Structure formats: C-alpha cells, structure tokens
Amino acid sequence: MNRFNRPTRGLLVAIVIGGLTMAPTPARAWDPSTTHQGMLDAGATRSTLHLRWMDGSELDFGLFSDLRIDPDRLAPTERRMLELAIHEAHADVGARPLGGPGSCPPADSPPSTQLFCVDQDLWEQSAIGWLKLGIVAEVTPVARTVHHFLAAGQPESLVWSDPELPAATLRQRQARANGEPLAGVLTGTNFSGQASSAIAWLDDATDPLAPPATFAHLRLASTATSEAERNHELALALIGVGALLHVVQDLGVPAHARGDATAFFSPLSAALGDRGLPLQEFVRFEYGRRDLPGIGKGISTTPPTGVPLSSTVIGHVLGDATFEGLATLAGRRHFSESSLPAPRYLELDQSAEQAAAALLGDVEDEQTGIEAVETEGAKLSPWPADRGYLLSSTGRALAAFDTDLDGRIRPYLDEAVYREQATTLVPATVDVTRSLLDLLWPAWPDMQLTTSRATLAIPATWTGQLIAYVETEQGERREHAKLEFGASKPVAVQLPDLEPGQRIVLVLIGTRGSGPPIVLEHVIGSRSGERV
C-alpha cells in the first residue's frame, strides 16, 4: 500500500478531531536530524564562510575550529534551551558537544571515563557543530514550529492561521510540547489558533534564538575582552544562525509557505495515529542525510562565488528584484496536502487542457493559487481517465488525481509528486542556505596596508565603526582606536607598534541598508610582531 495515500478532506478533519483523544505525533517540516543537517552540510560546503574566516584569522580559525560555551555565563532560559537541544541532538550528525555540567568524573577516575570531559564543565565542539545544534534547538520544544509558517495569500503578513484545522488541535499540540495544562486546551488560553509568522520572528526581540539576539551575540564575539568570552558568544551566535537557517529552510516546504498546518496531520498509512507531513517522510526515507536530490557528491573543485542571492534575509524568503524567493518558489509553484483545489465534476468531452483548467479553478484563490507559469498549458494525463496526473506545460507533476465515490475528479499528492517537489525544492533550499551564510559574513573590504596604516575601501551602503584592537598572546583585546565610516569613503586607521606576542585585529561593526548588521574582523598583524 502507498504509504502516502491521501484521504478526502472530510476524512482528514474527522481524523484530526478524533485525534484530540490521543497523542498526535509531533509535526515538523524537513527532518531535523537528516534533511536539515544534510542541507546545512551542503550549503556550508558551497559557501565562502570557511575561506573568509580562515583568511581573516591568519588561518587560525574556521568552521572546524573548537568553541566552548560556559554554562555559568548563560541565563537560566538559555541554559535550559541548550540542555534540551543537546538531549534531542543526534550524536552521529555532529550536533552534540562534549563536556557540560557533570561530565567530568573525579580526578582519580580511570582515564577511559575522562573521554567526554572538558575543563570546568564547559561544552565544546566545532563551529559547524554549533550551527548543527542550532538546527535542533529551533524545534526544541517542537511547538516552536508554530512560527515557521507564512500566511496563505499574504506571505508578508506578521501573523498566520489555518482555518482548515481546528484551533483546539493546535492548542493541544502546543500544550503537550510546552508542558502546559490541559485546561488551557479546553479554554483556548494556551493557543488561539493564530500565531506570529516567520516574517515576524525575524525581528522578535524576545526569542533567544531569533536574529536580534543572534546579532547581539555576534557583536560580543568580536568586541568582548577575553578570548573565552568571545568564543562563548560566537558559539551562541552560531546556534542562532542555525535556528535562522532552520526557519528559512522550512519555508522551502509548500505546507509552511502556504500556511497549511493541516498538512502536518495527514495520515501516512492506514495505521491509526500514523500522521505527519508526507513530503517530510518521503524525503527522509528516500534520501536520508547524504543523498539529497540535486546535491553532487564529493567536494566541488569550482571555487564558491560568495555572492548572495539577495541583499536581505527577507529577500531570500519572499524574493526581490533579482531573486524569486524560496517561499515564493515553494508556495506559488507547488501544492501542499491541504491546499489543493476542491474535487470537481469534469466533462469527459473536454480536452486535457480544458479539464486541467476546470480542475484548477481560480488560480488567484489565496488557498489554491499557483503561478500562471505553472498552470498555463497544464493538462490532465491521461484524459479522459479515472486517475492520472495534473501536469504543467513542462511536464512536471503538480498533483495526482483520481475519481471519488461521487464521480468527481479529486486532486491529491503522491510519491511521484513528492519526488518532483524534492528535486526542485531541496537544491533551491541548499542554495539559499549557502547564500545566507555568505550574506551574514560578507567579504572583508579591499584594504591597503603599510607598516603604520590600514586603509579600507568601504562599500557604498555600509555605515558604522572600525575598531582597532591590540590582542595579546593570551587572547586579551585592548581597544586602540575607533573610527566612524560611511558614504563609501575610505577609512584609515593608524596602527600601533606591537610588543612580542601581540597582534592587531580590526573589527567592522555597522549596517548596510536593509540588509543584516555587519560584524566582521580581520587580523593584520601576527603575534610575532610581523605585519602581513
């Protein structure tokens, strides 16, 4: 039996309502331990992040360099969030750090028991490992996925809702994931059925994983005095970047881009309670983590371009003048499980193209609308027939169809459609992942360097401060100079004389139009006192 058979909408709602008496399976979009991690790996490989970090640090720091988080520096909510994420992380994907509170046995214990101990009970893993943990943290608890949706027909809206799914079902899911009382499910106080959208989350100053907190950590990662504190802040910033990547990657799923929460309660098989998002399950089972569609195996010999697809984070999601936007691609070119056109009676003497147009109905409808480029020239194949596929003019399967008990043609999604969606959306999501990393860490500006002065050619849209630090051999940073920059004018800083073991670190902090904040650093003097 096809694991991804689609029931009628009436049956789906009945199953959902009936499910209030049993525990619904937590619903996610792409699987955090396989698909999300594979897309992060591929995106990081294709980005210039590692190269830029290595170039800016005199080959001292990159994606595989270790960073430590000090539990004693964390706020109680941050520590709890981190502990939950570590508990949920799969060790085989490199997302679970070593160390942490209680990991170090007494000094006289056998050496074999010290394997997972880090000095002072700190957590330690590579920079990319913290990114991977951020992927997990963003859905720990799973109720956090409530802000991974866009509003149907109004993707720029700050709120979303799904009128197809009873609010009580979502309230129950929220309560179970967050440990809220059952009374809140019945009274409606736990969750109203409407929530902030992914667009609103990008500016959420209350969420420790949202971009505002991430950029605050990133700034401290370059300006804090001690090396231990800077590494701590950078690790937290990378967790936040991982969370951002997770949210944006989820918007490459049609159900998320179309505000279709009902799709996450779709029956996956005839087994009672076996519900979830069929596209997620198909991709997880079919491709795993290492064999994602459209992702070439091995290490590419083509140098990465480092050029972002868009100059803003929201442009990566909704698109702009130069880029379509991941959510636009997912939501306006693909159907989700519960946003398909309704079943219709079709005349058998219609042509295949006329039957497809009749089945699609009003393409401008906010729930079922698909871009005209997909629907113009679409046809049913074969036609007339009891079952087959709705094909775009290019032959891509937009949906399958069969005939219901009333004789209506009913569209649904099956494995062939999911394969078509995966081969388009997964590579696009990887490219957006790559692009976001290149956007967050742009190239260091062109710089002319002499023994006494560094002169930077600042891009036209950048404004902010250039801070010169003297860093000791122990990693302590002392501010030497601070200069304002902007209006694309060159900025020059006088360089101090260094003592043995010191080096100079330049830090750029600023803004760039509507793009994300800039926090970059570049070493220009070695600790031996030699200039480069």
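Visitor: Which residue of strand 18 is the bridge partner of V505?

Guide: In strand 18, V505 has V523 as its bridge partner. The model is predicted, so local features need pLDDT of at least 70 and side-chain atom pairs count only at pLDDT 80 or more, while totals for chains, interfaces and linings use all residues. Residues are numbered from 1 along each chain as its sequence is written, and side-chain values use heavy atoms, without hydrogens and water.

Visitor: How many bridges pair strand 17 with strand 18?

Guide: Six bridges, in the antiparallel sense, join strand 17 (residues 503–512) to strand 18. Strands (E, at least two residues) and helices (H or I, at least four) are DSSP runs numbered from the N terminus, and two strands pair if DSSP finds at least two bridges between them.

Visitor: What is the strand order in the open sheet?

Guide: The order is 15-14-17-18, with antiparallel pairing. Strand 15 (477–485) and strand 18 (518–523) are at the edges with a single partner strand each, so one side of each has no neighbour in the sheet.

Visitor: Changing topic, is helix 5 buried or exposed?

Guide: Eleven of the eleven residues of helix 5 (residues 127–137) are buried, so the helix is largely enclosed by the rest of the structure. Buried means under 20% relative accessible area, exposed over 50%, and partly exposed in between (1.4 Å probe, protein chains only).

Visitor: And what covers the buried residues of helix 5?

Guide: The cover includes helix 2 (35–46), helix 3 (49–56) and helix 10 (227–250), by contact, meaning heavy atoms within 4.5 Å.

Visitor: How many residues of helix 2 are buried?

Guide: Nine of the twelve residues of helix 2 are buried, among them H36 and M39.
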